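The sequence and structure are shown first.

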Amino acid sequence: MTEPESIHHFFKGKTIFVTGATGCLGKVFVEKILRVQPDIKKLYILLRASNSYLATQRLHNEVIGKELFRVQREKLGADFGPFISKKVVAVAGDVSLNNLGLEDQNMRDEMLKELDIIVHTAATTTFDERYDIAMGTNTMGALHILKFAKNCPKLGILLHLSTAFVCGESKGLIVEEPLHIGRNNINLEKHLIQEKLIELHAHNLNEEAIASVMRSFGLLRSNMHGWPNTYVFTKAMGEMLLAHMKDTLPLIIIRPTIVTSTYSEPFPGWIEGVRTMDFVVAKYGNGTMSNFVGNPDTILDVIPADMVVNSMMVALVAHCKCLSQNNLVYHIGSSLRNPFKISDLLDMMYCYFTRNPCVNKYGKPIVLTRKLILFSNMDKSSQNKGSKLGNAVDLYRPYSLFQGIFDVKNTESLRMATKGFAGMNDIFNFDPKSISWKDYMMNVHFLV
């Protein structure tokens, strides 16, 4: 177990199926596995497309062609293209459809026969996504991938990427346990969605109006059941289906908290899209937000993207080598081991932007004279009320007022079980205690 290649050696000769590779964490996983273990047998990547040609286009434009892959591109030079062509297969499909929308029967049969590992990261992460779309991708997508996995005779493990916030607005210590619910509840939600769509089409509403109503409907149903937004509600229902229907299938669920830019792998500071915390940072830095809802003592549970992916890879190895204690769920976060308060973020934001101001459209520096002001609720702040910014603040409020701490007992047992493996302190590190938040935020994350 102490041989230098112990973690990455496990993946040698393996055939892996990844969904959601166009997303942030899916992309980081694909880059990592190809870089640390180029001797995988095959990497199948599911991409939403109507045919293999369009899927291959998406693979190169939205995954392989990104800056994230520059380390491997520079290392391999002219051999990078042939390497990708040999190892990576773009698969046209859609997780929201039965049988994953796979129409190429020969490819489907080959995958079912050869797959060793499935990593399901596909999701729509928009907080107020249309309810029908979020249900299709986040909830039914989990069920469809589970059904597919059950037909793979040599499959060693299915990894489902979720979010720690499937807990809703829980308080106190939030344990790493699977979610359970009667399937009738989920069937009811699906029925209500269909009824609502029929009603909207009967009124001859245009697509824009239908989308708006379905977004509001998703938030309404989520809030009614105790979840703050459609994203985490539909992800929670996806987990419930997995826990209820997995039978004997080997399954692990990784629940990251708020994902931030890479800490070190393949290089510091890579991120894609404006995520939860970055919305506030960007708006404050460009001078369009002077106050926000939040509690300065709230712990902002953030974790770099590469640490999430490292934990995924280590968990795959540990479970397949029977080193774990049959744990199903792992929280990947920092609130317990290395807490980072909102007050810390405000101090660092002010310090950073006074030293490195953004510039306006005329090229003049945007001068910030004070820290972001926090209010306990939006009623005390009139600046953003009723605006698009105010609506966004409403979506982010559950996180800036969150009163939970994520237990990491299972994650710690995973780290202990693999601590003797080479690379656990660097290339496969996922210990948030190793992070200096001030150094990381000021010299890495804010620079993105």
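Does C322 count as buried or exposed? C322 counts as exposed, since its relative accessibility is 67%; here buried means under 20% relative accessible area, exposed over 50%, and partly exposed in between, with a 1.4 Å probe and protein chains only. The model is a predicted one, in which local features need pLDDT of at least 70 and side-chain atom pairs count only at pLDDT 80 or more, whereas totals for chains, interfaces and linings use all residues. Residues are numbered from 1 along each chain as its sequence is written, and side-chain values use heavy atoms, with hydrogens and water left out.

## Backbone features

C322 has a positive phi of about 60° although it is not a glycine. C322 is placed in the loop between α12 and β11 (329-332); helices (H or I, at least four residues) and strands (E, at least two) are DSSP runs numbered from the N terminus. L100, likewise a residue other than glycine, has a positive phi near 60°. The loop that holds L100 runs between β3 (88-93) and α6 (105-114). L100 is buried, with a relative accessible area of 0%.

Two prolines also lie in loops. P365 is found in the loop between α13 and β12 (373-375) and counts as partly exposed at 48% relative accessibility. Not counting residues up to four places away in sequence, P365 touches P357, C358 and V359, where contact means heavy atoms within 4.5 Å. The C-alpha atoms of P365 and E207 are separated by 41 Å, and the two residues are 158 apart along the chain.

## Cysteines

The structure holds 0 disulfides, a disulfide being a pair of cysteine sulfur atoms within 2.5 Å. For C322, which is in no disulfide, the nearest cysteine sulfur belongs to C320 and is 8.2 Å away. C351 is also in no disulfide, and its nearest cysteine sulfur, that of C358, is 14 Å away.

## Nonpolar cores

A nonpolar core is a set of buried Ala, Val, Leu, Ile, Met, Phe, Trp, Tyr and Cys residues joined through side-chain atoms within 4.5 Å. The largest such core has 125 residues, and F11, L34 and L43 touch the most other members. Helix α12 (residues 305-320) gives the largest share of this core, 11 residues. Leaving aside neighbours within four places in sequence, L34 is in contact with I40, L43, F69, Q72, F83, I84, K87 and V88. Another core, of 27 residues, lies apart from the largest one and includes Y44, V91, A142 and I253.

Grid points are joined across faces, edges and corners, and a volume is the space filled by probe spheres set on the points. By this rule there are 4 cavities of 30 Å³ or more. In the table, Ala, Val, Leu, Ile, Met, Phe, Trp, Tyr, Cys and Pro count as nonpolar, Asp, Glu, Lys and Arg as charged, and the others, Gly among them, as polar.

| Space | Volume | Lining by class |
|---|---|---|
| Largest cavity | about 130 Å³ | 13 nonpolar, 2 polar, no charged residues |
| Second largest cavity | about 60 Å³ | 7 nonpolar, 1 polar, 1 charged residue |
| Largest pocket | about 1100 Å³ | 21 nonpolar, 16 polar, 8 charged residues |

The largest cavity is lined by 15 residues, and V280, F292, L300, I342 and S400 are the closest to its centre. The elements giving two or more residues to this lining are α11 (276-285), β9 (291-293), α13 (342-355) and α14 (388-400). L300 is also among the residues lining the second largest cavity, together with F165, I258, I299, D301, Y399, F402, G404 and F406.

Of the 45 residues that line the largest pocket, G23, A123, T124, T125 and R275 lie nearest its centre. Elements that give two or more residues to the pocket lining include α2 (24-36), β2 (42-48), α7 (131-150), β8 and α14.

Technical notes
1 Å grid on protein atoms, 1.4 Å probe; cavity = no way out; pocket = protein on both sides within 12 Å on 5 of 7 lines; lining within 4 Å.
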